[in-house]
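Here is a short report on strand pairing and the nonpolar core. Please look over the sequence and the model before reading on.

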Amino acid sequence: MIRRPPRSTPLYSSAASDVYKRQLYEPIFIYGYSNVVDSELKNLQAEVLMDDEVISTIKLLYNPISGYYFSQFEPNLSGSYVFNIQDSKKSIDTINVNIYD
């Protein structure tokens, strides 16, 4: 015997897409490693670009012992984000993040 769902149950569920849409507003965790940063420096900055326009600037914490930097960013739109990470003297890294609906 083949068991089928009751007719009142939809054949597909929109729950997964609802969860994904809510995740759009969840923070993006940005992190990376660099050995070219001044060991005395504790903070880095990142310009956040969307469509080649700077939409925000965020601060990143830098751990001089491990060489890792990290921060988070809360996107409010889907699309492509570019994070240009830099200290006061030079560019450190570029991170690309794509958020889809």
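Strands here are DSSP runs of E, at least two residues each, numbered from the N terminus. Two strands count as paired if DSSP finds at least two bridges between them. The model is predicted.

Strand β2 covers residues 43-50 and strand β3 covers residues 53-62. They pair in the antiparallel sense over eight bridges. N43 has L61 of β3 as its bridge partner. Two residues lie between the strands of this hairpin, where D51 takes a positive phi near 55°.

Strand β3 also pairs with β4, residues 68-73. These two run antiparallel and are joined by two bridges. L61 turns up again here, standing opposite F70 in β4. The hairpin of β3 and β4 has five residues between the strands, and G67 takes a positive phi near 90°.

## The β5–β6 hairpin

Strands β5 and β6 pair in the antiparallel sense through eight bridges. Four residues separate them in a hairpin. F83 stands opposite I95 in β6.

## The nonpolar core

The largest nonpolar core contains 18 residues. I30, Y69, Y81, F83, I85 and V97 have the most contacts inside it. Strands β1 (28-33), β2, β3, β4, β5 (79-86) and β6 (91-99) each give two or more residues to this core. Nonpolar side chains tend to be buried together in soluble globular proteins.

What does I85 contact, leaving aside its neighbours within four places in sequence? Its contacts are I30, L44, Q45, A46, L60, Y69, S91, I92, D93 and I95.

Key: Residues are numbered from 1 along each chain as its sequence is written. This is a predicted model: local features need pLDDT of at least 70, side-chain atom pairs count only at pLDDT 80 or more; totals for chains, interfaces and linings use all residues. Side-chain values use heavy atoms; hydrogens and water are left out. A nonpolar core is a set of buried Ala, Val, Leu, Ile, Met, Phe, Trp, Tyr and Cys residues joined through side-chain atoms within 4.5 Å. Buried means under 20% relative accessible area, exposed over 50%, partly exposed in between (1.4 Å probe, protein chains only). Contact means heavy atoms within 4.5 Å.
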